[in-house]
Amino acid sequence: MNIALLGYGKMGKTIEKIAIERGHTIILKVDKDDTSYDVSLADVAIDFSIPTAAVDNITNCFKAGVPVISGTTGWLDQYDDIVAVCKKQKGAFIYASNYSLGVNLFFELNKKLSQMMAPIEGYNIHMEEIHHTQKLDAPSGTAITLAEGVIQNSNKEAWALDKGDGKTIPIAAKRIQDVPGTHTVTYSSEVDDIEIKHTAHNRQGFALGAVVAAEWLQNNKIGVFGMKDVLGL
């Protein structure tokens, strides 16, 4: 499989290493300031760029008929526009806030726990995410996905950074050097706490999941998908 890497930071380099180990070829590496690239010869593109570049990168792939995987966060206010372009161009697209196989299992565990907690009185929910100091957006896309999973399965209506009330889930975002990603969901009451937590030890899990998703998507699929489709969850 010929892969275009759109974004060649730490994640891009880790994806490159894992893709090559799995027998694939990297035919294009695009840094954040490059806008003149040609993605048309790729079988699939993997976008881990920056929020200001992601929409153009993804759109360019659709126009070139190249399936695209995106793990860039911070641009989701334009997600519906991207889905519309994908459908118009008959493209293939996967967006995930986190490609780690373990995190996607964690997403499902979070939803199940929120369903169980919904009818139980006396508990307040809060979330915390910790990432490296180079991460540009806060809260993380993964934390937002966790919050949305709770909102879908409870009486919560929204999330907010650092603050919350009876209907709003507070998310604390911390930036600590060299932390790949830690996410905690806590239900607290006067008598006890219930907590689930995912801790990434390195970027390998994120990169492997992105390559697995690319392998799944490039097999002549058309449409908009997620990691639940890739993993059959």
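Select Leu233 to start. Leucine 233 is partly exposed, at 43% relative accessible area (buried is under 20%, exposed over 50%, partly exposed in between, with a 1.4 Å probe and protein chains only). Leucine 233 sits in the segment after helix H7 (227–231); helices are DSSP runs of H or I with at least four residues, strands are E runs of at least two, and both are numbered from the N terminus. This is a predicted model, where local features need pLDDT of at least 70 and side-chain atom pairs count only at pLDDT 80 or more, while totals for chains, interfaces and linings use all residues. Residues are numbered from 1 along each chain as its sequence is written, and side-chain values use heavy atoms, with hydrogens and water left out.

With Leu233, they make a nonpolar surface patch of about 310 Å². Patch residues have over 30% relative accessible area and no salt bridge; like charges are joined within 9 Å, nonpolar side chains (Val, Leu, Ile, Met, Phe, Trp, Tyr) within 5 Å. Areas come from the Shrake-Rupley method with a 1.4 Å probe, and for residues only the protein chains shown count as cover.

Now go inside. Select Ile3, Ile15, Ile46, Ile69, Ile94 and Tyr99. Of the 27 residues in the largest nonpolar core, these touch the most other members. A nonpolar core is a set of buried Ala, Val, Leu, Ile, Met, Phe, Trp, Tyr and Cys residues joined through side-chain atoms within 4.5 Å. Elements giving two or more residues to this core are strand S1 (2–6), helix H1 (10–21), strand S3 (44–47), strand S5 (92–95), helix H6 (204–217) and H7. H6 gives the most, with seven residues.

Centre on Ile94. Leaving aside neighbours within four places in sequence, its contacts (heavy atoms within 4.5 Å) include Val68, Tyr99, Trp216, Phe225 and Val230. Then select Tyr37, Ala54, Phe62 and Trp75: they are among the 20 residues of a second, separate core.

Next, the cysteines. A disulfide is a pair of cysteine sulfur atoms within 2.5 Å, and by this rule the count is zero. The sulfur nearest to that of Cys61 belongs to Cys86, 11 Å away. Cys61 is buried at 0% relative accessible area. Cys86 is buried too, at 1%.

Salt bridges come next. The whole structure holds six, each a side-chain nitrogen of Lys or Arg within 4 Å of a carboxyl oxygen of Asp or Glu.

- Glu16 and Lys29: the closest N and O atoms are 3.2 Å apart. Glu16 lies in H1 and Lys29 in strand S2 (25–30), so the pair ties together parts that are 13 residues apart in sequence. Glu16 is buried at 14%, whereas Lys29 is partly exposed at 43%.
- Glu21 and Lys17: N to O is 2.7 Å. The two are four residues apart in H1, so about one helical turn separates them. Glu21 is exposed at 56%; Lys17 is partly exposed at 44%.
- Lys111 and Glu108: the closest N and O atoms are 3.7 Å apart. Both lie in helix H4 (101–117), three residues apart, about one turn.

Finish with two backbone stops. Lys90, in the loop between helix H3 (79–88) and S5, has a positive phi of about 55° although it is not a glycine. Lys90 is exposed at 63%. Asp162 lies in the loop between strand S7 (158–161) and strand S8 (168–175). Phi of Asp162 is positive, near 70°, and this residue is exposed at 57%.
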